[in-house]
Amino acid sequence: MRDVGMKIYIETYGCQMNEYDSRLIASILASDGHGMTRDLGAADVVIVNTCTVRERAEIRVLGRLTHLRGLMRKDAVLGIAGCVAQRMGDRLLRKIPGLSFVVGTEQYWKLPDMIESARIGRAVVAVGTGSGESYDRRPAPDEASLCEFVSVMRGCNNYCSYCIVPYVRGRERSRATSGIVDEVTQLVALGAREVTLIGQNVNSFRDEGRGFAGLLSAVAKVEGLQRIRFATSHPKDLSDELIEVIGSVAKVCEHVHLPVQSGSTEVLAAMNRSYTREQYVALAGRIREGIPGVALTTDIIVGFPGETDEQFRETVSLMNEIRFDSAFMFHYSVREGTRAAEFGDDVPKEVKIARLETIIDLQKRVTSEVNAALIGSNAEVLVEGPSHRNEDLLFGRSRTGKAVVFPGDAGLTGRVVNVEIRSTSAWTLHGGNPLLS
Ligand code: 5AD
Ligand code: SF4
């Protein structure tokens, strides 16, 4: 007989897609009669959903698995999901004592059976790819937060030379528009007011001739939904049509996350990014022109193989030229199996760290200047609830994705308010009393 009513504990690392997948795993297991718990000691099954994008993330998560094995109940089973599971497969069973199952990114439907086997002492691994799995038929969610993620496409065909994602997430495939709109409608009925449409490269979304701009327009028709965000965009295929839709469809927020990776055209070519510095700058200009008040954020890698001082300075000069609202910054990490792994990792660690510190300092200064320029303006904020730092204040995000704290009653949670920006600190805008919009 099958066990039902088991308590499942899930810990999630990595990107928004992994956050989404953990919810997906929860709904697959819920439809098999199991429930979630946040209490490790109460859990019958512990799942760690992992990220392998940089080596450090992977090492940390492997340590965490061993640590969890020591903390959880002895009769509970431990499993690994996500990108490290996909990359390492059954090698993980030998590496991590007490690990009972390994489930890759395209195999989550198998989890109920896998857990069943693990519970009777049979370790199981399912990491096949190429099924084209897009989880279009995901079981309906049974609860929603105010701000939710919805996956619109999975996988990546770009093969940036440094990146492991195409190997662990497979080829690009889009969900059907109708499935996405249904899921957003269900989430709104359960209380969501904002959705972030996610994919490794949302601009490659295709469904029966419809591109991503068309999808945004379709999702915007969902009644009760107030805001739409999206990530991530690849500069090579962000269309003018999309800029037009962001600029004109009221629900679509004015924030474009547009990873540049480097300011040097030569490094971009070695990275296989398919655009030049000049093309990126021109695109950023079109975005800013077409979407007044837009926030532009980015990802940057320093210390890519062969990156010279001169090429690094081009990244610095690009950051000064564009003045991003914020940036995620990394030093290059070799990923086995990628093209760049064959280039050799020739920028010394100390140089990588020094370059990273330089751009982090620069971006901190630019972010605080860009934010300080907002003092005196009004921000439209979706109230998410009391601030974690100070329960007397409310927290929410502006349409541009910036954190805003301001005085107000917790009863405003879920409402859209207008807040005048009075001051700013490192990453946060501080507002006055809210006005209902
Ligand atoms: N080394 C360092 N950073 C990387 N990223 C992806 N692969 C690597 C790597 N091998 C960064 C890129 C990407 C972000 C999600 O992670 O900047 O946009
Ligand atoms: Fe990490 Fe990439 Fe996998 Fe997301 S898709 S969890 S960033 S490796």
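Me: Why is strand E11 (residues 227-231) called mostly covered?

Reply: Five of its five residues are buried. Buried means under 20% relative accessible area, with a 1.4 Å probe and protein chains only. Strands are DSSP runs of E, at least two residues; helices are runs of H or I, at least four. This is a predicted model: local features need pLDDT of at least 70, side-chain atom pairs need 80 or more, and totals for chains, interfaces and linings use all residues. Side-chain values use heavy atoms, without hydrogens and water.

Me: What makes E10 (residues 194-198) and E11 a pair?

Reply: Pairing takes at least two DSSP bridges. These strands have five, in the parallel sense. Glu194 has Arg227 as its bridge partner in E11. From E10 the chain crosses through helix H8 (residues 212-220) to E11, and this β-α-β crossover is right-handed. That term means a clockwise path from the first strand over the helix to the second, with the strands pointing away from the viewer.

Me: How do you know that Cys160 is in no disulfide?

Reply: A disulfide here is a pair of cysteine sulfur atoms within 2.5 Å. The nearest cysteine sulfur to that of Cys160 belongs to Cys163, 6.0 Å away. The whole structure has zero disulfides.

Me: Why is Cys160 called buried?

Reply: Its relative accessible area is 10%, so Cys160 falls under the 20% limit. Cys83 is also buried, because its value is 9%.

Methods:
Residues numbered from 1 in each chain as written. Chains lettered and ligands numbered in written order. Buried < 20%, exposed > 50% of the residue type's maximum accessible area, 1.4 Å probe, protein only.
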